[in-house]
Amino acid sequence: MQKQQRNIPFLDLAGINKPHKQAYLKAFEQVLDEGWYIQGKQLSSFEAAFATYCGAKHCIGVGTGLDALQLILNAFGIAAGDEVIVPAHTFIATFLAVSNTGASPVPVEPDANTMNIDVSKVEGAITSRTKAIIAVHLYGRPCDMGALRKIADKHDLKLIEDAAQAHGAKYGNKYAGSLADAAAFSFYPAKTLGALGDGGAVVTSDDALAKTIRRLGNYGSEQKYIHIEKGTNSRLDEMQAAFLLIKLQHLEADNQLRRKIAAAYLHGIQNNAIVLPVFDDVQYQSAWHLFVVRTAERDALAQHLKNKGIDTAMHYPVPFHRQEAYAAEFSNMDMPVIQKLTGTILSLPLSPTLSEQDVDYIISAINEYKDEK
């Protein structure tokens, strides 16, 4: 029997936040009445709670995920003349953080199966100018941090997590945020732990690094009107911290729902035209920020699903070396793996707001897909 047409958005942010409305309103009134809107007790409470959640000593709330990455690089002294290894397949913020310090991003192709950085190609990209490796846990799946740690230690490099999509992801028995020298998180509203606006954080167990990053994000100051170095203004505000503290209490439950939906997709989608993402296992537990399939018929599949009332998205369809911002540096670079990936990737709806009926409908629509070109 044909299933009745449904209308399924790619991401229903209003639906995600609606269950927390009363708690948000109470928190809003509390912050408003306290009259302390920057670097107050809501922020310190969230920082302590998120550091504990990640299994690290320190969390420093900052303005955005991009700020978090850039502050880490600044705190490590990375600057013009240095190189930082980055995955070729990532959101442009990873590249921008490096470029904004004056250093040069050195892209390494992804593994075609995991879509994370191909560890086997990292050492070949290291030069005498290399100072750090940024590991992006793309779509919520952790990188092979054990292998990257060995490479970083061998070459005396800093290892940084770009965990902007990996709140609650685990590598072995450790959470993202505790797998490197420092980690950068984004709390952009669409993240698995999303604020109601922009926000970010640096997580680390390095006492000195934490102190430096907190100072850099506060105009280079530890004491009012005394500026030790040239810093910037990047601070997570009290209101967003209060909202995030509420949502943090539900992160594990939300991630379990995400994993349940991902498991349903992985077992239910049976279409030879579609390549599914790799499964979780004991070593790698994804936060399933995104569920990304690959198909040579990407545009036709997206249209087929749209006709069925199912919204999809593409993360990320234009590779870095085809972006105008980086044309001068990388336009002649040959990147066969990423070029193939970016022409075939399609993100399916995946959020705690999806019902079992929604998930079944999406699976059926994909399995019914035939090339409509």
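**Exercise 1.** In this predicted model, state which residues ring pairs link into a cluster.

*Solution.* Ring pairs join Phe46, Phe50, Tyr53, Tyr175, Phe185 and Phe187 into a cluster. By the rule used for ring pairs, the count is 16 aromatic pairs.

**Exercise 2.** Classify the aromatic pair of phenylalanine 50 and tyrosine 53, and say where the two residues sit in helix α3.

*Solution.* Step 1: the centre-to-centre distance is 6.2 Å, and the planes make an angle of 10 degrees. Step 2: planes under 30 degrees apart count as stacked, so the pair of phenylalanine 50 and tyrosine 53 is stacked. Step 3: these two residues are about one helical turn apart, because they are three residues apart in helix α3 (residues 41-54). Step 4: phenylalanine 50 and tyrosine 53 are both buried.

**Exercise 3.** Find which charged residues lie over the faces of tyrosine 175 and tyrosine 284.

*Solution.* Lysine 170 lies over the face of tyrosine 175, 4.9 Å from the ring centre. For tyrosine 284, the residue is arginine 141, at 4.4 Å from the ring centre.

**Exercise 4.** Describe the largest nonpolar core and the contacts of isoleucine 134.

*Solution.* Step 1: the core has 42 residues, and Ile134 is one of those with the most contacts inside it. Step 2: the largest share, five residues, comes from α4. Step 3: beyond its neighbours within four places in sequence, isoleucine 134 is in contact with residues including Leu69, Val84, Val98 and Ile160.

Notes. Residues are numbered from 1 along each chain as its sequence is written. This is a predicted model: local features need pLDDT of at least 70, side-chain atom pairs count only at pLDDT 80 or more; totals for chains, interfaces and linings use all residues. Side-chain values use heavy atoms; hydrogens and water are left out. A nonpolar core is a set of buried Ala, Val, Leu, Ile, Met, Phe, Trp, Tyr and Cys residues joined through side-chain atoms within 4.5 Å. Buried means under 20% relative accessible area, exposed over 50%, partly exposed in between (1.4 Å probe, protein chains only). Helices (H or I, at least four residues) and strands (E, at least two) are DSSP runs, numbered from the N terminus. Contact means heavy atoms within 4.5 Å. Rings of Phe, Tyr and Trp (its six-membered ring) pair if their centres lie within 6.5 Å; planes under 30 degrees apart count as stacked, over 60 as edge-to-face and the rest as tilted. A charge sits over a ring if NZ of Lys or CZ of Arg is within 6 Å of the ring centre and within 35 degrees of the ring normal.
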